[in-house]
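This report concerns a sheet, the helices packed on it, and selected salt bridges. Please keep the sequence and the model in view while reading.

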Amino acid sequence: MASVRDWVGARATIGTVFVAAVLSVAIGILNISSPVAGGVLAPYIPEAVRITAGFTGTLTGFLLLASVFGLRRRYRAAWYSTAVLLPVTAAQGLIQSPERAAPLVGLSLISLALLVFNYKAFDRDLDLTATQLSALLAIAGAQTYTTAGAWALREQFNGIDTLFDAFYFGVVTGSTVGYGDIYPQTAIARLFGISALLITVATFAVALGVLLTPAIEARLTKALGRMTESQLDILENHVLVLGYGELTEPILEELGDRARVVIVTPDEARAKRLTDRGYDVVTDDPSDEEALQRTRVDAARSVVVATNNDAEDALAILTARQLNPDIHIVASATQRENERKLRRAGANTVISPAALGGHFLAESAVGGSGLETIEERLLDEQPTDPTEDETVQTNGAGEAGDPGPDGQN
């Protein structure tokens, strides 16, 4: 069942901004192809402004889509750009057509409120690689060169009367569109056109490579059974399953659609099989701090540790508890004598399936009745969210951990 956090969290913010961006593009295109009178604001808005708002609204929508990709990676720069673009989008919608833009305006305001509410969730600095910086600088430099050169040689070109015409010439040259409305008339202008063509096309090719590389890497990581960095960045309110053991399959079946599950296992072959079945998997050491930080243990709702190695489980519990002191950790003890050790490592709840199964079998062997009914009731009972009733679970964990008269659990 969806919690309040699911409705107002970072993922909800990204989703509403994405829908607002798509609406902005669609309404802009619709108003360009089928303009309207402008509604009640028509007497106050010049027709040229309204027409301009049409295609700029579409452009703003595409810029918002670019910001969505930044929000998915939790970049603070994307938060600022979205905070600026959302009011602009709403204003453009009102200028174009208040009737058509009513959903866009409302959704933009809702998205802006969610964006402000989740300010702390988008806290990553935009760390551009040297290749990305080079590509951006190359594009800016090439466009500056082409615009300045075309403006300086405007007398030798047909169709360049303003600085905007010169910039337009640079864009259509770099994109190899070449409409033919602006063309050189002298040898010097043609030589400049050749140099502009070579420089701008080369910079666009570099930029395209920079954009395609992350997409190719994402496909490779999925093929190898790993989550991409963008998927990891938006994780919240999920259940972390550290390691893979005999109990992992029943745990995954019981959780089902009740919570999003992320599995951390060092076995690449098993990770690939789990990914093919639709599970979110990170191929890494479940006791490694970096692995748990990447899987956002700080934003998880709980951690499950249930492999067949109690020593490795204890290390994973210690790491998770160190990174998130408030996380609820559930562990399985392969050997009963390790239950208290796992609790001391930081687990809130420790269950020994072997001891529990042995108790049931022994009771049944000496004539105990009703044990199958108890088992059915336990299996049919829905698990509760540890964040909803922390006091009850804390008391339960304390009772389970109290030593008996003989000093054993």
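A residue is called buried under 20% relative accessible area, exposed over 50%, and partly exposed in between, using a 1.4 Å probe and protein chains only. The model is a predicted one, in which local features need pLDDT of at least 70 and side-chain atom pairs count only at pLDDT 80 or more, while totals for chains, interfaces and linings use all residues. Residues are numbered from 1 along each chain as its sequence is written, and side-chain values use heavy atoms, with hydrogens and water left out.

**The sheet**

Helices (H or I, at least four residues) and strands (E, at least two) are DSSP runs numbered from the N terminus, and two strands pair if DSSP finds at least two bridges between them. An open sheet with parallel pairing is built from six strands in the order 5-4-3-6-7-8. Strand 5 and strand 8 (349-351) are the edge strands, each with a single partner, so one side of each has no neighbour in the sheet. From one strand to the next, the twist averages 20°. Four bridges join strand 3 (residues 239-242) to strand 6 (residues 302-305) in the parallel sense, and Val239 faces Ser302 of strand 6.

**Helices on the sheet**

Contact means heavy atoms within 4.5 Å; axes are lines fitted to C-alpha atoms, for helices over the stretch in contact, with angles from 0 to 180 degrees between N-to-C directions. Helix 10 packs on the sheet and touches strand 3, strand 4 and strand 6, its direction making about 165° with that of strand 4. Helix 11 lies across strand 4 and strand 5, at about 165° to strand 5.

**Salt bridges**

Side chains of opposite charge can pair when their charged atoms come close. A salt bridge is counted when a side-chain nitrogen of Lys or Arg is within 4 Å of a carboxyl oxygen of Asp or Glu. The model has five salt bridges by this rule, including those tabulated here.

| Salt bridge | N to O distance |
|---|---|
| Arg277 and Glu249 | 2.8 Å |
| Asp280 and Arg260 | 2.8 Å |
| Asp267 and Arg270 | 4.0 Å |

Asp280 belongs to strand 5 and Arg260 to the loop between helix 10 and strand 4 (261-265), so their pairing ties together parts 20 residues apart in sequence. Asp280 is buried at 18% relative accessibility, whereas Arg260 is partly exposed at 26%. Arg277 is partly exposed at 47%. Asp267, with a relative accessible area of 32%, is partly exposed, and Arg270 is partly exposed at 27%.
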